[in-house]
Amino acid sequence: MKIYLQFFLRITCILAVLWMAGCGSQPEKGTTIEEKPDKIQLTWYYSAGNKSLEQLPAIVKAFNTSQDQVELKLDAVHPSQGANRLREMVANGKMPDILGPLDGGEYQGLLDANQVMDDVEPMLVDELKGITPALLDMWRVDGKLIGVPVGIRPSVLIYNKTLFDQAGVTYPPHNYSESYADGSEWNISKLEEIALLLTRDLSGNNALAAEFDPQTIAQYGFTWHWMNGRGLVNIFGADPIVDNQGNAALPESWREGYRWYYSAIWDKHFIPTGNYNSRTPFSSGNMGMMINNMWYLVNLKGVPFQWDLAAIPSYNGQATVDWLGGAMLISRSTPYPNEAVKAAYALANTVDLLKIGGYIPAVENLQEAVLTSMKNEYPGVDFQAALDGLNHLSQPSTVSPIPAGMEVKFEDIRDRISTVQGLDLDTELDKLDAEIKTVPVK
């Protein structure tokens, strides 16, 4: 664990120059793709949000004009379509040459279906020397490196400074060792307290006021966009679902987390319902705070309000930061495995792709360049809060693979909590606990 965390805390001071590994020499001035019909054709699949999708063609164009061996073609979809697209690929046996970056459990179905290369390391012996062994091990299966590591995306607390200022509420602390401004511990209870003050109805009453009308809420204090059923409660502790003996159980801390969310939505009204949440994201300007992954930052470009990053609040004295670890996978069926691996490595070290994905790079000497680019893209934002969170990473991440059949059960409880008022929640949680116990564990 110590080695693993040290990697993420060692942000170098060297500005790195992108090395398009193995992709050939620069074309002569004036050369176009059309004049190179002998280029190897490779398809790159990527699932990304709308703001990121808009920037991907420029990345492909830059790659194609940087060398004269490979022509990359983009197959990009929104995450809402990503799971279905992957299933279709497996079912049809029509795989793109390069997939990713993929995070956590996304790759499991591809591995199970034997659709991706099971070892890319022999083609990248020298290139991988710049990546700490601890990170490479994240992407090893049975001792083999199944993908080209891209980096890590920690979760952060994003807050709307404009709404805080209007409500006269002090900003949350950026430093994990820091208390809130009134001397209180920066924990989930304090987050709830200020979220209630930030929640307002159409008359301007906050959620603590006797006159507050929960039927006419104009802005909410906290939100939880696009988290899976496990990520929803990860801040309450990354307790294992399956123990070393293979016994599954719903962690008690997660029970507490689900109760907290349910009460916050239906009783205290500082978190929107699932139906409202899906229509009105944090970028709308009507949310005070949100815990989400760094990939969301691209959605905040050009918003008409000020925002910043802060520390994830603690629970029972411990802060838990969820994260995504991305890698590029290579199709087993590609006719050009060496070229595909080299192109994947080049993409994994493209500053613009790392930036829009919110990745802290796997290659250490690119970290400062990407962080500098992020700071230039989002002036005034305190990225140190994100870096400090790397010392509080959950083990495991909530997108790490779990026994098949469990994930859907956690998605179901998330959806019921956020859309069904009047649940007997303890009965629902007992049912969830019983259901995950029936799922076979390998």
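Axes are lines fitted to C-alpha atoms, for helices over the stretch in contact, and angles run from 0 to 180 degrees between N-to-C directions. The exercises below concern a predicted model.

**Exercise 1.** Determine at what angle α8 and helix α15 pack, and which residues meet.

*Solution.* Step 1: α15 spans residues 425–437, and its packing angle with α8 is about 145 degrees, the axes lying 11 Å apart. Step 2: the crossing of α8 past α15 is right-handed. Step 3: α8 contributes Arg255, Tyr258, Arg259 and Tyr262, which meet Leu425, Asp426, Leu429, Asp430, Leu432 and Asp433 of α15. Step 4: sorted by class, this contact holds five nonpolar and five charged residues, with no polar ones.

**Exercise 2.** Classify the orientation of helix α8 relative to helix α14, and describe their contact.

*Solution.* Step 1: helix α8 (residues 252–266) packs against helix α14 (residues 407–419) at about 30 degrees, with 8 Å between the axes. Step 2: angles under 35 degrees count as roughly parallel, so α8 is roughly parallel to α14. Step 3: Trp254, Tyr258, Tyr261, Tyr262, Ile265 and Trp266 on the α8 side meet Phe410, Ile413, Ile417, Ser418 and Thr419 on the α14 side. Step 4: nine of the residues in this contact are nonpolar, two are polar and none is charged.

**Exercise 3.** Characterise the second largest pocket by its volume and its lining.

*Solution.* Step 1: the second largest pocket holds about 460 Å³ of space. Step 2: 25 residues line this pocket, and Pro396, Ser397, Val399, Ser400 and Pro401 are the closest to its centre. Step 3: the lining comprises 16 nonpolar, seven polar and two charged residues.

Note on methods
Residues numbered from 1 in each chain as written. Predicted model: local features only at pLDDT ≥ 70, side-chain atom pairs only at ≥ 80, totals over all residues. Heavy atoms only, no water. 1 Å grid on protein atoms, 1.4 Å probe; cavity = no way out; pocket = protein on both sides within 12 Å on 5 of 7 lines; lining within 4 Å. Points joined across faces, edges and corners; volume = space filled by probe spheres on them. Nonpolar A, V, L, I, M, F, W, Y, C, P; charged D, E, K, R; others polar. Helix = DSSP H or I, 4+ residues; strand = E, 2+ residues; numbered from the N terminus. Parallel < 35°, antiparallel > 145°, perpendicular 65-115°, else oblique. Contact = heavy atoms within 4.5 Å. Left-handed = near helix turned anticlockwise from the far one by under 90°.
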